[in-house]
Amino acid sequence: MSELKIIVCIKKIPDPEAPPKAVSIDSEAKRVTFTGVAPMINPFDENALEAAIRLKEANGGYITVLSLGEKKSKQVLSKAFAVGIDKLILINDANLKDLDSYSRAYVLSKAIERIGKYDIIFTGRQAGDWDSGQTGLLLAEFLQIPSINLVRSVEVEDGELIVKKVKPDGYEVAKTKIPALITASNEIGELRYVSVKQLIEARKEPVDIWNDDDLGLDQQKLRRLGIVDLYKPEIEKECYFVEGESPQEKGENLAILLVEKDSVISA
């Protein structure tokens, strides 16, 4: 078959490994804020990007990365150039902030329609901020193409995709015709390492910026993510020093203390 045309949808999120002290919850404003947390590409989207790069290396191809976010996302998303993509498109518009999964999928579908011909679309299985796991499959529905979820490996053979789909007790092999959408799971493997020099050079690459008007969006399909409530738990801490003349005695005293505390909590 001819050169593969691959689209990878990626999202910029706060680092999911941020320490708890860097995250605060404003119950009144219904907002989660991060302090001193560096943004990054969603880890599952990095898995998807790695899968796309491997396909390109094995079969030849052209990779377009598509993302919905603010202009400052360019610094983070440009990492994709360092691993070998060909084009980066950023959809930036003040009217497209805080969209729910349905609306994000709709906007991405309109952007993909504008891109034109494609063979494979990759997304991550879910985003590390809200963990909804909906956008990829909704996107396939908007485009009316087959989709396979939770994929751990992908191969192309005679115009078809052959994938291994993650199951609780192993995997199953599935096949679908191209074009199709794949949501990549972490079992695919981490995105390859890039050096600081590669990152610096990648930031010099041009990025296409599209807005609301470029996509001809139906405003009735744009729905905001509504947070009904945010609960901030009260965390209490108690510290006890367990004493004893020997390690054995300290161990016995610790066991007694744990039993006593468990009895109090159970009551």
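Gln144 is out in the open: its relative accessible area is 66%, so it counts as exposed (the label for values over 50%, with buried used for under 20% and partly exposed for what falls in between, using a 1.4 Å probe and protein chains only). This is a predicted model, in which local features need pLDDT of at least 70 and side-chain atom pairs count only at pLDDT 80 or more, while totals for chains, interfaces and linings use all residues. Residues are numbered from 1 along each chain as its sequence is written, and side-chain values use heavy atoms, with hydrogens and water left out.

Gln144 sits in the loop between H5 and E9; such labels are DSSP runs numbered from the N terminus, with helices (H or I) of at least four residues and strands (E) of at least two. Although Gln144 is not a glycine, its phi is positive, at about 60 degrees. Asp131 shows a positive phi too, near 55 degrees, and is likewise a residue other than glycine. Asp131 belongs to the loop between strand E8 (120-124) and H5, and at 44% relative accessible area it is partly exposed. Another backbone detail turns up at Ile178 and Pro179, which are joined by a cis peptide bond with omega at about 5 degrees. Pro179 is found in the loop between strand E11 (170-177) and strand E12 (180-184).

Now for the rings. A search of the whole structure turns up two aromatic pairs (ring centres of Phe, Tyr or Trp, the last by its six-membered ring, within 6.5 Å; planes under 30 degrees apart are stacked, over 60 edge-to-face, and the rest tilted). Tyr106 and Phe142 have ring centres 5.7 Å apart and planes at 55 degrees, so this pair is tilted. Tyr106 lies in helix H4 (residues 101-115) and Phe142 in helix H5 (residues 135-143), so the pair ties together parts that are 36 residues apart in sequence. Tyr106 is buried, at 5% relative accessibility, whereas Phe142 is partly exposed, at 23%. Together with Tyr102, Tyr106 and Phe142 make up one aromatic cluster.

Arg223 lies over the face of Tyr102, 4.1 Å from the ring centre, and the charged end of Arg114 sits over the ring of Trp210, 4.3 Å from its centre (the rule asks for NZ of Lys or CZ of Arg within 6 Å of the ring centre and within 35 degrees of the ring normal).

Finally, Ser153 is part of strand E9 (residues 147-157) and is partly exposed, at 26% relative accessibility. Leaving aside neighbours within four places in sequence, Ser153 is in contact with Ile162, Val163, Lys164 and Ile188 (heavy atoms within 4.5 Å).
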